[in-house]
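Visitor: Let us go through some terms and the values behind them. Please set each value against its rule.

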Amino acid sequence: MSRIIRVGGAQLGPLQKSEDRKIAIDRMISLLGQAHADDCQLVVFPELALTTFFPRWNMDDAREIDSYFESEMPNEATKPLFDRAKEHGVAISFGYAEIAEENGVRHHYNTSIIVDKTGHIVGKYRKTHLPGHGEFDPERAFQHLEKKYFEVGNTGFRVWRFMDGIMGMCICNDRRWPETYRVMGLQGVEMVLLGFNTPAANSQRTDEPPGLRNFHNDLSVQAGAYQNGTWVVAIAKAGTEDGHELLGGSAIVHPSGQIVARAKTLDDELIVADCDLDECNFYKETIFDFDRHRRIEHYGLITEQTGVVRPD
Ligand code: CDT
């Protein structure tokens, strides 16, 4: 039985602060339509797809902050996207800012979901590695306040049996950490869906050479794919939002680590690849056959210790 999934990576161009959910959803529906016309079975959208990348703004008013969050999914704004995906029989994945009520307490998470072709949410992931800082930082060229607006996710890196394969998710900064992929790799992951919003400049090193941010993006997703024998679908929100540039470079990465589809613009753009999940097998059964080659007796520090402890 063939396990080829035609995947659409739906990069989004910029969303300005003044633009509402309807603008985002209309554009997502348009990309979904292109993907359906191209016979895609799964369409992956970016992190925080429904709004501008709001962690660049320092806000203290709780109502203003919450205006970027969704407390239900689907909701009035996103239902047309769910309906259209169901109508097309296409599965989707996208990120959004989530308010979750757990044991009577409200929590704020940076979340992404997998929605099957019948419109049901079958997987939810809450971002683990929150980058940036928790308070306004005047030393930075611009703010990245994810630690202020989000709590560390409580889902961990789960995987789901989905579309005849094993799928996982991570979000943006998670892609830079090898542990992210390895925890999913240990559960047999065959495709990692991930969205990102990456500022094109380094707020703490504005003289960084051009291209280095793109290089680090590629390095992270290509290494994660190869070292775990998995497809990685890495999709950006790109372009200039209220004067702040975000990287593009959305890519679909083969389990060999090679990029098989790549966005060329910083705007709404669909990239497509036929992803054969069986192509993971060679890597999982040879060089990265974990069962034969991993040496966990030497890996204890990875879970026992967070920061660096140098020798005396
Ligand atoms: N959204 C997100 O996680 N962005 C981070 C920026 C890090 S710089 C503070 C990323 O890893 O791309």
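Visitor: Where is Asp242 found?
Guide: Asp242 sits in the loop between strand 10 (239-241) and strand 11 (244-246). Strands here are DSSP runs of E with at least two residues, helices are runs of H or I with at least four, and both are numbered from the N terminus. The model is predicted, so local features need pLDDT of at least 70 and side-chain atom pairs pLDDT 80 or more, while totals for chains, interfaces and linings use all residues. Numbering starts from 1 along each chain as its sequence is written, and side-chain values rest on heavy atoms, with hydrogens and water left out.

Visitor: Why is Asp242 called partly exposed?
Guide: Its relative accessible area is 34%. Buried means under 20%, exposed means over 50%, and partly exposed is in between, with a 1.4 Å probe and protein chains only. So 34% falls in the middle class.

Visitor: What is the phi of Asp242?
Guide: Phi is positive, about 45°, although Asp242 is not a glycine. Asp39 is not a glycine either, and has a positive phi of about 70°. Asp39 lies in the loop between helix 1 (21-37) and strand 2 (42-44).

Visitor: Is Asp39 buried or exposed?
Guide: Exposed, because its relative accessible area is 58%.

Visitor: What makes Asp218 a buried residue?
Guide: The value for Asp218 is 13%, so it counts as buried. Asp218 belongs to helix 6 (residues 212-228).

Visitor: Which residues is Asp218 in contact with, leaving aside neighbours within four places in sequence?
Guide: Ala223, Ile259 and Arg262. Contact means heavy atoms within 4.5 Å.

Visitor: What makes the pairing of the Asp218 and Arg262 side chains a polar contact?
Guide: The distance is 2.6 Å. The rule asks for a pair of N or O atoms within 3.5 Å; within protein, one must be able to donate a hydrogen and the other to accept it, and residues adjacent in sequence count only if both atoms are side-chain atoms. The side chains of Glu102 and Tyr109 also make a polar contact, at 2.8 Å. Glu102 is in strand 3 (residues 91-102).

Visitor: Which residues come nearest to the ligand?
Guide: Of the 13 residues around the ligand, Lys127, Cys172, Asn173, Arg176 and Thr198 come nearest. A residue counts as near if one of its heavy atoms lies within 4 Å.

Visitor: How do you know that the bond joining Met73 and Pro74 is a cis peptide bond?
Guide: Its omega is about 0°. Pro74 lies in the loop between helix 2 (62-66) and helix 3 (79-88).
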